[in-house]
Amino acid sequence: MIRLVVQNQVTGNLQELDTFGNENISLTLQVDDVRDIESKHASYSKDFNLPATKNNNKFFEHYYNPDRYKTNFNVYKNVKAYLYSDEVLVLEGFLRLLNVVDKDTEITYNVVLFNDVANIIETLADATIKDLDFSDIIHEFTVSNILNSWTDTGVTLTAGGTSTDVFYPIINDGQMTILDIEANNIGLFNRHKNYVMNLRLKYVIDKIFEFAGFNYNSNFFNSSYFSKIYFDTGIESTELDAVGDTLTCDGVAPVADVSLTQQPDYEPSWTNESGDVNNAFNVGTGVFTAPFDTMANFIISLNIEPLVLPAIGTIDLIGIYTPSGGVAELVYLDSGFIYIQGNDTLTFNCNFDMGVNDTMEFRIAAEYNNLFYVPSGSSASLSITTNPQQPTLQVINADIGDIKLADILTDVFKMFNLTLESIQNNILKIEPYDDFVNNTILDWTKKVNINEIVIEPIEIPKRIEFLHAEDSSDYYKNKYQNLQGVSFGSHIVEFDVDNDEVVQIKNNVFAAPYVNLLEGGTNYTQVIAEQDGETFKGYKNLPRLVFKRTFVDADDFIDFGYLDTSASFSGFFNAVAEHTVNAHFYDESLINANTDDNSLLYGLINPFDLYILGNQPNNTLFQNYWFNYINDKYNVTDGLLFKAEINLKPTDIFNFSFAYKVRIQDQLYRVNKIEYNTDKNNLAKVELLRI
């Protein structure tokens, strides 16, 4: 006898649906299929009918009636369901209503069941990263947070506390050179494109499971190995286009200031301020105080007249910049070349990195004693724009927000060849194949119907290709493919069979990371760039999985010298002493890499761009997670499918796991698939893979 228990969509309460009492419900149980290794499979039932009893009509709200007025039952939402045979649970998952048939006044509800492995993907549907809540990692985009994200200290959160779920590795957009480092040109000014927000993969996986209402049991997800894996939010960040505060003010007649060496010079004064949300600009003193670490943009426009006609020369915008707690210094912000017969308007436009509480005042000065003056009562204007202080949610939502959550899970399942098995109560057991299978042996010798046994060879493809997601704009990986004839980071397995089939295990979300030598130096950085004519630039890239390598000692990290956390970045890149990066596809530095280290690439590479690679790590994704699986599934010499009818009881199904081995006579097998029927008189059809 079968029982079907479901969860009411409105109340959340469990209730039993009526059955005909003599249903023969066929179940297909599997976790993967030797014929379709690129997909992970869920267990499911064939469709079956339920009667239109008063109880069932109430649950389905008379779905057969087009004029029904109650619409609480949503046919597009999954219904949690439990199928029992002889009071033993044989399938837990969800029920879906396929249709209602009204034939000769008899109404039946046609339904199908899927287990929880399918349920989580179905539940996620088209949900994207935008649907997740990242408010728990909101933080300020500051120098100290960038530095601390490289270590186990983590970023300081706006709400208090710290987090290591965010990481800001250095990424080259194709324009970085060693000269930029030596000239301090990748300080705060360029941090938006060279320090890219990365998220811990496990952190996002946990968010996805929470969103879907599921839990997992996984030593792998909880391992130190998996905790080191992060992915970027995109090097061409739309955060650059975002605006924090913009303040404007009109000037009155600037006054002469004899404090500078250049003469004459003028100190503009201002009035009519607007848009100063943070009260960052003091109209009376003309001093701008940065409300937070920011790349500030200054635009100043004013009238200039020569003392002697005609006049030609260069006029400079000079800033009196005072780091917080530091000493004032003169900085050249912009200059303009003028040729005037009379009154002329000159506009200065510049960007400057500032830390919280740093100040800036403005002066207008001439070069080479070029005599000019600012007419009394002339017009002048000032505009100051600051980038947002907390871009966390904006960056995530704008740059990777459209990536589907189901696609992320599917990619992770592929890359690490994870096996998923429902263990009841919305909990999935998730482990790599090698860790999922065990040596528990079930002896089914006496359960086999020996009157009909089929021995069938396994359909083995000609080739299996393991590929990362294709990022077609990536200049460096395109160059690699053109030179090597294969995709960077890929792996190919060839079989000696007369079969033309090619199977692809290919990511949809995560591309392979690439590392290249920094131009003009000995340092290596992760690089994401496309070619734009004669130059390179960042682009809207697919995310890459990388290992975060925390810095241990001076021999194992990029030694950039002393970090001045006052936003000036003084001395930050004064010392370049190492040859490696803090985020890439190996979990060890390039120079210290050994063959037994781990790689996030499917296969080995030609390291022609990695001149200091010590030893290429052999523990690739294929070697770690697919090698034994392929050997078990596609044994050209001894592999075969043993098909038989086996007398399996409901308790056998309840206690069974695809992790177990099955013994029949003296041979051991792994179960590929079970076709089970709730009718006691029907034997289960079982496919076993010889090992």
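A quick word on the model: it is predicted, so local features need pLDDT of at least 70 and side-chain atom pairs count only at pLDDT 80 or more, while totals for chains, interfaces and linings use all residues. Residues are numbered from 1 along each chain as its sequence is written, and side-chain values use heavy atoms, leaving out hydrogens and water.

Let's start with the helices, which are DSSP runs of H or I with at least four residues, numbered from the N terminus, as are strands (E, at least two). Helix α2, residues 116-124, packs against helix α6, residues 201-212, at an angle of about 90°, and their axes are 9 Å apart. That makes α2 and α6 roughly perpendicular (65 to 115 degrees).

Which residues of α2 and α6 meet? From α2 we have Ile120, Thr123 and Leu124, and from α6 Ile208, Phe209, Phe211 and Ala212, where contact means heavy atoms within 4.5 Å. Six of these residues are nonpolar, one is polar and none is charged (Asp, Glu, Lys and Arg count as charged; Ala, Val, Leu, Ile, Met, Phe, Trp, Tyr, Cys and Pro as nonpolar; the others, Gly among them, as polar).

Now to the loops. Most residues other than glycine have a negative phi. Histidine 62, though, has a positive phi of about 50°, and sits in the loop between α1 (54-60) and β6 (79-85). Its relative accessibility is 35%, so histidine 62 counts as partly exposed (between buried, under 20% relative accessible area, and exposed, over 50%, with a 1.4 Å probe and protein chains only).

Asparagine 357 has a positive phi too, about 75°. You'll find asparagine 357 in the loop between β23 (344-354) and β24 (359-366), partly exposed at 46% relative accessible area.

Note on methods. Axes fitted to C-alpha atoms, helices over the stretch in contact; angles between N-to-C directions. Parallel < 35°, antiparallel > 145°, perpendicular 65-115°, else oblique.
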